[in-house]
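Open the model in your viewer and keep the sequence beside it. Each stop below says what to select and what is there.

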Amino acid sequence: MTHRIVILGAGYAGLTAARRLGTLLKGSDAEIVLVNDRTDFVERLRLHQVVAGQDLPRYELADLLRGTGVRLQCARVETVDVHGRKVFADGEPIGYDSLVYALGSAGAPLPGDAHAWSAASPVAALRLRGRLARAAAGERVLVVGGGLTGLEVASEIAEARPDLLVALVTSGGLGHWLVPGVRTHLRRGFERLGVEVHEGVRVRELTEDGAVFTDATRFEADIAIGATGFTPNPIAADSGLEVNECGQIVVDPAMRSVSRPEVFAIGDAAWAMGPAGRPLRMSCSSGMPTGWLAAGHLAAEIAGRRPPIVQIRYFHQTVSLGRRDAVVQFVTADDRPKRGYLTGQAAARYKEALCRIAVWSFKHDLPTGR
Ligand SMILES: Cc1cc2nc3c(=O)[nH]c(=O)nc-3n(C[C@H](O)[C@H](O)[C@H](O)COP(=O)(O)OP(=O)(O)OC[C@H]3O[C@@H](n4cnc5c(N)ncnc54)[C@H](O)[C@@H]3O)c2cc1C
């Protein structure tokens, strides 16, 4: 009997899983359906470039799936009925035997979120790009959040629009988790780009004309951009699957839901433990290996083979500082900074290569499980 696998979401995680399942189950009677709300692959890693006005190449999912046997269905998922083993997308039911949930995440909300702009999704990034295109010289931009995404967004805008006054507010020190050489380079890069940095303070609330910090400072801004992290798509929590407090599906080491064995969750949607018992961080660095891992387990289960042994581990954290500068912090398997790092043009080329390899791997079956 045909085994129907439905994969929700064609981002880094879902597309990796879809292609891998297509390869591993070629010639079997499994049917693989990939449901996504758009027909192109979004390079989310580059959305700060979109914000800054750069045009990215368009990759059609149909091209990236050619020859895999995976059927693409363009529809917006609304709910998952885990008891009835059905997904509702554009109002229509899609039944499944196995489900791979990879609906990703959006930007985490801030108090006063109605006043926030975002670079976390393609729609939000295009809106922000339009607002920045209309911004007059001297307008003030505040980026809220000093994590990897906040650093990339602030520096990309500052480089593209030196006529704007760009500031970044972060609850810690600038790049506080990185080794001293990387922190120094980051600080010099921000100075060169003219980004004003406010450290050790949070935003209490965004307002119509800027932000109020936790130390009661009122910061005037024309455009406030939230970059304090990601929040998973709420469909998982609403479906009754076991989720953590932020709404990610709790999974076992095979990326299988701990509450429904026929459901796998991968990428930003999954709460998975990595090396040394530390949770995987929401990132492409976790998303592609988790897609690879889940596909291997599911295919082995269907084909009656032994599942693969894949150890998810980290290698680096990368932060672009505009188009010509970046930092690459090499990390241990469990994501702690090592002594080694790259800065400057070498780091920028390294980061660019990573973004290209991710897309290239969707065309060439690169073993992205490492
Ligand atoms: C500006 C920026 C820079 C980043 N830089 C880095 C970096 O340098 N390194 C790194 O590791 N990570 C980086 N990240 C994080 C990384 O992009 C995410 O962690 C990664 O995209 C998660 O992959 P995913 O497949 O889980 O989700 P996504 O890539 O978000 O894919 C989700 C897919 O689901 C689809 N979808 C969503 N909702 C629905 C629905 N209801 N119905 C149907 N389809 C739906 C979406 O269209 C999308 O195709 C960055 C993120 C941003 C925003």
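How many residues lie between β15 and β16 in their hairpin? Two residues lie between β15 and β16. Before selecting anything else, note that this is a predicted model, in which local features need pLDDT of at least 70 and side-chain atom pairs count only at pLDDT 80 or more, while totals for chains, interfaces and linings use all residues. Residues are numbered from 1 along each chain as its sequence is written, and side-chain values use heavy atoms, with hydrogens and water left out.

Select 203–207 for β15 and 210–213 for β16; strands are DSSP runs of E, at least two residues, and helices are runs of H or I, at least four, numbered from the N terminus. The two strands run antiparallel and are joined by four bridges; strands pair if DSSP finds at least two bridges between them. Threonine 207 has glycine 210 in β16 as its bridge partner. Aspartate 209 is in the loop between the strands.

**A second hairpin.** Now select β7 (residues 86–89) and β8 (residues 92–95), antiparallel strands joined by four bridges. Alanine 89 has glutamate 92 in β8 as its bridge partner. Two residues separate the strands, and aspartate 90 in the turn has a positive phi of about 50 degrees.

**An aromatic pair.** The whole structure has five aromatic pairs, counted when ring centres of Phe, Tyr or Trp (its six-membered ring) lie within 6.5 Å; planes under 30 degrees apart are stacked, over 60 edge-to-face and the rest tilted. Select tyrosine 12 and phenylalanine 41: this pair is edge-to-face, 5.0 Å centre to centre, with 85 degrees between the planes. Tyrosine 12 is in helix α1 and phenylalanine 41 in strand β3, 29 residues apart.

**A salt bridge.** Finally, select arginine 324 and glutamate 159, whose side chains meet in a salt bridge at 3.6 Å, N to O. The term means a side-chain nitrogen of Lys or Arg within 4 Å of a carboxyl oxygen of Asp or Glu. Arginine 324 is in the loop between β23 and β24, and glutamate 159 is in helix α5, 165 residues apart.
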